[in-house]
Structures are given as structure tokens and as C-alpha cells.
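Thanks for coming. I will go through one model today, and the picture comes up now.

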Amino acid sequence: MGDGPDMQKVLIIDDTPENIHVLMSILRDEYAIVVATVGEKALQLVTNVPIPDIILLDINMPGMDGYEVCSRLKADEMTCHIPVIFITAMSAEEDERKGLELGAVDYIHKPFNPALVKMRIRNQLDLKQYRDNLEDLVEQRTMELTIQHKLLETLNANLEQRVAEEVEKNLEKDRFLIHQARFAAMGEMLNNIAHQWRQPLNNVGLLLQCAQLDYDDGRLDRSAFKQLVAKCMEMLQFMSQTIDDFQVFFKPMRERELFDPYSMLEKALSLVRSSFEKRGISINVNNYGTTVMLGFGNEFTQAILNILNNAGDVLTERGVAKPFIEIRCSHENNMNIIDIRDNGGGITLDIMDKIFDPYFTTKFMSQGTGIGLYMTKMIIEKNMGGKITARNTAEGAEFIIELPVHSDTD
Amino acid sequence: MLDNREIPTEFKQLGDGEVVLPDDVPGISIAIGLKRVSGNRELYRELLTMFLNTKRETGHDLRAGLKQADTETAERIAHSIKSIAAVIGAEELSNAAAALEKAIAAGERNRWENTLESFEQCLGVVIAGLEASLGLVAEQEAPVRELPINLEVVQGIVEEMVGLLNSDIGRAMYLRDELCRHLDGSSLALEYRRLKRYLDVFDIDATKESLDELATALRTAGEGKNG
């Protein structure tokens with residue numbers, strides 16, 4: 001005798017006890033059997049948990065017949081999936097078709113062969129088992145996917161927060177780098193001021209020493225003294241002018257102003273020329289005529305300075321023989337074009353597309369901030385609506401700046 | 001529920017142990033019948049007994065139904081006999097019932113009489129054959145031998161049976177057989193037989209009532225014993 005709650009459950013619905021006895025005799029050792037002799041009772045019984053795994057249904061019954069019972073079972077969400085086998089003494093083909101059309105999985109004629117009926121029931125239960133397993137599997141997979149989906153949602157939510165945090169961090173880094181870049185530029189400027197001042201300071205020193213000697217020898221008369229003062233004043237004037245120049249350069253410009261790119265280029269060159277010359281770098285400028293345009297002149301100078309300083313660094317680091325920087329200024333099709341090229345060997349191809357990226361630097365071991373060329377690009381393209389490109393020539397790198405005389409940002 | 005009509009004399013099987021079947025019963029092919037129940041001799045004898053106990057008056061029932069123009073009931077009775085007769089191997093009776101079912105369904109009143117007569121003849125042969133051949137005896141009022149009842153065990157069986165009626169009736173049937181061993185020949189033999197009769201026809205509600213009555217009787221017996 002079968003036992004235990006795991007047994008599959010068979011509901012037999014038949015108004016003829018003798019038939020139930022025959023079916024029970026072959027099934028009761030393997031299945032838990034429940035019985036109803038009228039349709040109404042069967043519909044009550046079928047919802048008892050655990051609900052039956054299969055239903056054996058007679059057709060000809062008093063009151064509600066088997067067809068009606070089957071229809072109601074199939075219309076109920078709770079019972080519609082239970083396989084129904086009609087077992088009936090009705091033998092017309094039409095009856096069988098009707099039964100199958102109502103959703104029955106099999107149709108067995110009475111009197112039946114018990115062994116065959118047993119096998120057919122087994123087959124249907126196996127099929128149901130496969131289907132249930134499949135449904136379980138689908139349900140399980142669906143649940144897994146839902147969990148994964150929720151996980152992803154959580155991750156996404158976290159990701160958004162993390163992105164926001166990272167963006168904030170980057171902004172902080174930007175601010176820091178810009179600050180650092182400004183300090184670096186100031187350092188550069190001080191260096192340049194030192195270069196600019198060395199000569200006049202020497203001169204002033206020499207003049208004063210000469211004045212001392214002349215005075216000791218009694219040769220410093222009023223006229224010579226006046227001349228000395230005039231020379232010293234000239235030197236001091238030059239030094240003062242140098243400071244004015246740098247102050248103007250450092251003063252942030254809020255309003256656009258009319259400026260000639262060539263003049264601003266010259267201004268940039270005046271700031272670096274002496275330090276470049278000291279390093280043996282010659283700077284050659286060819287001006288084919290630029291046009292006055294509206295924009296931020298000082299920022300443009302800063303952009304040019306960044307390119308010049310980069311070129312100067314490369315030429316020095318690489319120990320290039322006869323280093324030079326060649327600059328061409330021109331005006332074509334309403335565009336001011338500044339072309340700066342050097343003979344430093346050029347930009348390595350694998351970093352060519354990264355040189356304008358922020359924080360990209362090849363000067364890891366030195367003071368490179370990686371923001372110089374990025375700033376240059378921002379100034380030229382964002383602030384002045386122009387375009388800057390870099391490429392290699394036979395000898396070195398070439399930067400081409402194109403500035404619209406009437407930019408969209410005007 | 002069984003109807004309230006006077007319950008006819010019940011027949012019971014003789015003896016336990018080896019299930020004895022007659023070699024030949026008029027109107028019944030024992031070989032075919034046994035094949036229909038997979039050679040289960042005990043079940044087969046049970047079915048024959050049930051047939052004898054419940055179908056004897058079928059002719060009368062059919063005539064009553066047809067007289068009241070209740071063709072639906074009459075048709076269903078014919079359909080039911082067609083099926084049961086086939087199961088026990090009474091093929092001629094099954095065919096006669098099939099013809100009657102068809103005639104009633106077709107509404108051919110003239111044909112009913114003839115087919116009904118043929119049916120009754122066949123039924124008569126089978127019933128007489130069963131009575132004569134199966135070695136059944138009419139059940140008498142059970143002699144009360146007052147065999148002692150193991151109240152605790154029987155109460156346990158009854159309780160378990162109540163729970164099984166709507167969850168595993170096959171198991172309930174096994175327990176009924178066990179109950180038989182405890183109650184047959186006891187003061188509660190009659191209650192047991194009533195219970196068995198209801199369960200045999202799968203009248204679950206009546207079986208439940210019967211079990212409740214049995215439980216009450218057992219409690220009373222227990223109280224009497226303790227008092």
C-alpha cells in the first residue's frame with residue numbers, strides 16, 4: 001500500500017460505485033484517491049489542498065454531467081491545469097470528440113482493461129510532472145531574474161550616487177589642478193621676470209659700481225651723475241614695465257575686447273623669449289597679416305604660452321640640435337590662423353589622440369599637470385569658437401589654431 | 001445517501017480466506033468478468049455481491065421511472081446497468097441495457113415495453129444465477145455475541161477514517177477492513193455493516209455520519225466500562 005503525503009492524488013468522479021471499485025482496486029496502492037459520485041460534490045472536493053494531480057471523469061451522471069464538470073474545471077484558474085481523463089460507457093465518436101474539445105487529455109471506453117487504464121493514467125501523470133517541473137523551472141528562473149533585476153536596480157541607484165561622487169571628486173581635482181596650473185604659470189612668469197630683470201639689474205649694478213669708482217677718482221661730475229641717473233631710471237623703467245606686462249597678463253578678463261592675435265602672440269613671446277634664447281631655442285615668426293578680432297586676448301596669450309612652453313620643454317628634454325620654433329600668422333577666409341611648429345621630433349602616435357585630454361601628461365616625473373593643452377583647447381574652442389589641431393611634420397610637432405574673426409560666440 | 005426505501009435482505013459472502021468463485025453462473029462469463037478486474041477475485045466477488053444487493057429491483061425502478069415519464073432517470077439507470085453488467089461479464093444483460101438506453105433516448109415508447117421485457121429477462125437470469133451459484137446467504141440479524149472491543153484501537157481507526165474520507169479513500173477502505181476484524185461479531189457489528197454499506201457505494205456524507213455514530217457508541221461503551 002502506498003503511503004505518505006507525497007503520493008499523487010487521483011479524483012474519481014463516477015455515479016456507479018462498481019466502476020469506482022474497479023478503478024480503486026488498480027490505483028489505491030499507488031495514489032491517494034478521492035471520490036465523488038455527483039458533479040457538484042466533485043467541484044467542492046477538487047479545491048481541497050493538495051488539489052488532485054489527475055481527474056477520472058464519468059460523463060453520464062445525474063444532475064451535472066461530466067461535460068459540465070469538465071467545463072467548469074477548465075474555467076477555474078485553480079483547477080484548469082489538472083489533466084482530465086473521461087472514462088465512460090458512451091461510445092459514440094461524437095462524445096469522444098466533445099470530451100477532448102472540452103480540454104480532456106484522454107478518453108477511455110467502458111468496459112476497460114484495468115492494466116491499460118493504469119498505464120494511461122501513469123503516462124498523463126508523468127507528462128504533468130514534466131510540465132510542473134518545467135513550470136517550476138521557469139518560475140525559478142523568473143525569480144532569479146527578478147532578483148538579478150532588483151540587484152541591478154540597486155547597483156544602478158548606487159552607480160548614480162557613485163557617479164555623482166566621482167564627478168564631484170573630479171571637479172575638486174579640476175579645481176586643484178587649475179589652481180596648481182595657475183601656480184605653475186606664476187612660477188613660469190617669475191622665472192621670466194627674473195630673466196627680464198637679470199640684464200637691467202646687472203646694468204644698474206655695473207652703472208652704480210662705475211659711479212662709485214668715478215666718484216672715488218673725482219670724475220663723477222654733475223653731468224655724469226645725471227647721465228647715470230637717467231640710465232638707471234631707464235633700466236628701472238624697463239623693469240617696472242616688465243611687472244606691468246605680467247600684471248596685465250594675470251588680470252582676469254571678464255569682457256571681450258578687440259585684439260590682434262599677432263600682437264598677443266608677440267606679447268607671449270616677449271614673456272618667454274629671453275628664457276628660450278638662454279636655452280638656445282630660436283624663435284622665428286612670419287606674420288602674413290592677421291585681423292583684429294573680438295575675444296579674450298589674455299586667454300589667447302595663455303593658450304599660446306602653453307604651446308610654446310610645451311615645445312620648449314620637449315626641445316630641451318630631447319636635447320635637439322639647433323632647436324627652433326617657427327610661427328606663421330595669417331588670415332584666410334575670415335579666419336586668423338596661427339601655425340606653431342618645432343623640430344622636437346613630434347608627438348608619439350600612440351598619445352596623439354590624448355594630448356588634449358585633461359590630466360594627460362608625459363611629464364610624470366616633473367611638474368606637468370596635464371592641464372596645459374586641455375586649457376589651450378578650451379580657450380580656443382569653447383571660449384573663442386575656434387579650432388586647434390595637432391599633427392606631426394617631418395621634423396616635429398605642428399599646432400594649428402584657427403580663429404574665426406566673427407565667432408558664433410560674438 | 002441511500003434512499004429511505006426499506007433496505008432489501010442483504011447477502012453476505014461466506015467465510016474468509018481463499019476467495020471461492022463459482023465455475024459457472026448463468027448469464028455471466030466469469031472469465032470475462034475476472035479479466036475486467038485484472039484477475040482480482042476478491043474484488044470480483046465483491047462486485048457480484050454488490051450487484052445482487054443493489055440491482056435486483058432495477059426492472060421495477062425502470063418501470064416506475066417510465067410510468068412517471070421520468071425518461072432521464074430511466075435512461076441513466078439503463079446506462080449504469082449497461083456499464084456494470086459489462087464489468088461483471090454479464091454481456092447479454094449489458095447489451096439488453098444498451099438497447100433499452102437507446103430506445104428511451106430515442107423516445108420510442110412502443111419499443112420500451114419490448115426492450116424492457118428482454119432486459120428484465122436477462123436481469124432475472126443473472127440475479128437467479130448469482131443467488132444459486134455464488135453460495136451467498138441472506139444476512140440475518142447479526143447474532144450479538146458481545147465479543148470484547150478494543151475501544152482505544154477502534155476509536156483510533158474511526159478517527160483516522162474520518163480524516164481519510166476526503167483525502168485518501170483507498171486507505172480508508174483498508175481501515176474499514178481492519179474495523180471489520182475488530183467489530184464483526186461484537187455489539188457494534190450492525191453499526192459497522194451500515195458503515196460498510198455506505199462506503200461501498202461511496203456515499204461519503206452518509207459514511208461520515210455513520211462513523212460519527214460509531215464514535216459516539218464507542219464513547220458510550222467506554223463510559224459504561226469505566227463507570
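First, the ground rules. This is a predicted model, in which local features need pLDDT of at least 70 and side-chain atom pairs count only at pLDDT 80 or more, while totals for chains, interfaces and linings use all residues. Residues are numbered from 1 along each chain as its sequence is written, and chains are lettered from A and ligands numbered from 1 in the order in which they are written.

Chain A has 9 helices and 12 strands; these are DSSP runs numbered from the N terminus, helices being H or I with at least four residues and strands E with at least two. Of its 410 residues, 30% count as buried, that is, with 20 or more other C-beta atoms, placed from the backbone, within 10 Å of their own.

Now strand E3 of chain A, residues 54-57. Both of its faces are covered, with Ile54(A) and Leu56(A) buried on one side and Ile55(A) and Leu57(A) buried on the other. Strand E1(A), residues 9-13, runs parallel to E3(A), joined by 4 bridges; pairing requires at least two bridges found by DSSP. In that pair, Ile12(A) stands opposite Leu56(A). E3(A) also pairs in the parallel sense with strand E4(A), residues 84-88, over 3 bridges, and Ile55(A) has Val84(A) as its bridge partner there. Between E3(A) and E4(A) the chain passes through helix H3(A), residues 66-75, in a right-handed β-α-β crossover. Right-handed here means clockwise from the first strand over the helix to the second, with the strands pointing away from the viewer.

On to the interface. 26 residues of chain A are in contact with 27 residues of chain B, contact meaning C-beta atoms, placed from the backbone, within 7 Å. On the chain A side, H1(A) gives the most, with 9 residues. That side divides into 16 nonpolar, 7 polar and 3 charged residues. Nonpolar covers Ala, Val, Leu, Ile, Met, Phe, Trp, Tyr, Cys and Pro, charged covers Asp, Glu, Lys and Arg, and polar the others, Gly among them.

Which helix of chain B does H1(A) come within 9 Å of? Helix H4(B), residues 71-88, whose axis comes within 9 Å of that of H1(A), residues 17-27, crossing at roughly 40°. H1(A) is therefore oblique to H4(B). The contact is made by Glu18(A), Asn19(A) and Val22(A) with Ser83(B), Ile84(B) and Val87(B).

Note on methods
Axes fitted to C-alpha atoms, helices over the stretch in contact; angles between N-to-C directions. Parallel < 35°, antiparallel > 145°, perpendicular 65-115°, else oblique. Contact = placed C-beta atoms within 7 Å. Buried ≥ 20, exposed ≤ 12 C-beta atoms within 10 Å, placed from the backbone.
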